[in-house]
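Here are my notes for you to hold against the coordinates. Have a look at the model first, then go through the points.

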Amino acid sequence: MNQLPPITKNLLIINVLVYLAQLVFERYGVDLANLLGLHFVLASDFKIWQLVTYMFLHGGFFHLFFNMFSLWMFGRIIEQVFGPKRFLLFYFVCGIGAGLMQELFQFGQYGVEGLAAYEFVNLDGFRITMDEYLNMWTTIGASGACYGVLLAFGMTFPNERIMLLIPPIPLKAKYFVIGYAAIELFAAFGSGGGNIAHFAHLGGMLFGWLLILYWRHHQGPRGGGFTGWENYQPPRRKKSHFEDFRLRMKGFFSRLRTSQPTRKFKDRTADYDYNARKKAREERIDHILDKVKRSGYDSLTAQEKKDLFDYSNK
């Protein structure tokens, strides 16, 4: 946890603590999901601050686990690119946007089903008031915000490969994000929402995409789609530890190369071969250092760590 950037680490801790609080309060008859979850805007239990609090509640262990795994996997990288303040803003914009999108979907459902004309509804053999029924339309979970973070990763590192679990094949991040959005869109209209807030997931991605476009237009490289975003850096951002490490390493290797005696070769062909190998080795090291900058030293494979170690000892 010490190697995690601060916002990602604190978000993980807060979500886990709130989930534990849900379990404890439940034993005393208090339903935090009902109190802090996002209710339908026309329900009597709706409160405006629920647009924030709902993001820290979860419906079960696996709901919490998959959201936190996604936040850990992608959030720590995006926070290093955006910076802590910008990442926190991005996270909440995606989460609140997801809640607004879910509210919009529920409002449309309310109108299409003509629920305004009814005072009572029959649910599982019980007759309840319309307000009681609407208060059951509750949304919880960090999924919308996490989907926004996933979108940011796909736009920041579009050609980075992600290993799928089923099937176990590598897929470029931009295609992974597009595929996830398509699945959510199909599920949302195919099932009418169901017990999963598909429109909240789509809302998190939509608001994340709009915010990134706004930043790109006003403060970053211009252009559309995924193109050009790989090299985006937030303005006035302090040099990160990864950038400082990369510059130090390159300077160290440069001093080693200049201090070595010039090698002599018997013919020009051997000289060409040596220069080609030297250039390939330097490009390899540059690639490894770029990877360290993006994802940290622990992201290197065993072979990449060995190559970096061998090169530094030559």
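1. Strands here are DSSP E runs of at least two residues, helices H or I runs of at least four, numbered from the N terminus; two strands pair if DSSP finds at least two bridges between them. V121 stands opposite I128, and D124 takes a positive phi near 55° in the hairpin, which has 2 residues between the strands.

2. The ground rules: this is a predicted model, with local features needing pLDDT of at least 70 and side-chain atom pairs pLDDT 80 or more, while totals for chains, interfaces and linings use all residues. Numbering runs from 1 along each chain as its sequence is written, and side-chain values use heavy atoms, leaving out hydrogens and water.

3. R127 lies over the face of F120, 4.0 Å from the ring centre. R76 does likewise with W72, its charged end 4.4 Å from the centre. (The rule: NZ of Lys or CZ of Arg within 6 Å of the ring centre and within 35 degrees of the ring normal.)

4. Now helix 7 (residues 143-156): its 14 residues reach 20 Å from first C-alpha to last, close to the 20 Å expected at 1.5 Å a residue, the expected span being 1.5 Å times one less than the number of residues. All 14 of the 14 are buried, so helix 7 is largely enclosed by the rest of the structure. Buried means under 20% relative accessible area, exposed over 50%, partly exposed in between (1.4 Å probe, protein chains only).

5. H39, in strand 1 (residues 38-39), counts as buried at 0% relative accessibility.
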